[in-house]
Structures are given as C-alpha cells and as structure tokens.
Amino acid sequence: MSVKDETLPKDDNVSLQLHLYRKLGIQFIEDETTHELKARIESPDGNDIHTVVIDDRHSQYFMTNHLWELTTGSS
C-alpha cells in the first residue's frame with residue numbers, strides 16, 4: 001500500500017489532527033466575546049494550564065515551538 005492510498009479524506013484528516021492535539025493536552029477554543037482563537041494547554045504534570053492566543057502576531061514556526069514547549073514542559 002502506498003502513502004497515497006493511506007491518506008484520509010479531508011473530514012477524517014481534521015478529526016485526526018484534533019484527536020492528536022487533545023492527546024497532547026491542547027484544546028482549541030474561540031472566545032465568545034472577542035472571537036479570538038485560543039489554545040488551552042495543560043502542562044505534562046497536570047498542575048498548570050496555559051492559554052495562548054492564536055493570531056498572526058508570531059510566525060507559525062514560533063507558535064509551533066511555543067506550544068510544543070508548553071506541552072512537554074521543556075524550555
């Protein structure tokens with residue numbers, strides 16, 4: 001079976017991505033008053049929760065690294 005055969009339909013792909021984010025302790029939420037997209041990240045030890053606004057102020061590279069650091073507890 002090739003990689004092409006194993007690709008998921010778009011809806012399944014989004015579901016898989018959300019499942020992986022949740023497993024990492026990341027939950028995406030939309031602020032009802034400001035309509036900002038935020039990520040709520042639970043620390044690996046479960047003792048802390050961080051909320052990060054997802055917007056265009058920082059590059060995708062920076063945001064990815066920042067979220068990874070928050071999910072793994074590394075700096």
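Guide: A contact means heavy atoms within 4.5 Å. Among contacts in the protein chain between residues at least 6 apart in sequence, 23% join residues at least 24 apart. This is a predicted model, in which local features need pLDDT of at least 70 and side-chain atom pairs count only at pLDDT 80 or more, while totals for chains, interfaces and linings use all residues. Residues are numbered from 1 along each chain as its sequence is written, and side-chain values use heavy atoms, with hydrogens and water left out.

Visitor: In what order do the elements of the protein chain run from the N terminus on?

Guide: Helices (H or I, at least four residues) and strands (E, at least two) are DSSP runs, numbered from the N terminus. Here the order is α-β-β-β-α.

Visitor: Which residues make the nonpolar surface patch?

Guide: Such a patch joins nonpolar side chains (Val, Leu, Ile, Met, Phe, Trp, Tyr) within 5 Å, from residues with over 30% relative accessible area and no salt bridge. Val14, Leu18, Tyr21, Leu24, Phe28, Leu37 and Trp68 make a patch of about 590 Å². Helix 1 (residues 10-23) gives the most to it, with three residues.

Visitor: Which aromatic pair does the structure hold?

Guide: Rings of Phe, Tyr and Trp (its six-membered ring) pair if their centres lie within 6.5 Å; planes under 30 degrees apart count as stacked, over 60 as edge-to-face and the rest as tilted. A search of the whole structure finds one pair. Tyr21 and Phe28 form it edge-to-face, at 5.1 Å centre to centre and 85° between the planes.

Note on methods
Patch = residues over 30% accessible without salt bridge, like charges linked within 9 Å, V, L, I, M, F, W, Y side chains within 5 Å. Areas by Shrake-Rupley, 256 points an atom, 1.4 Å probe, with all protein chains shown as cover. Salt bridge = Lys/Arg side-chain N within 4 Å of Asp/Glu carboxyl O.
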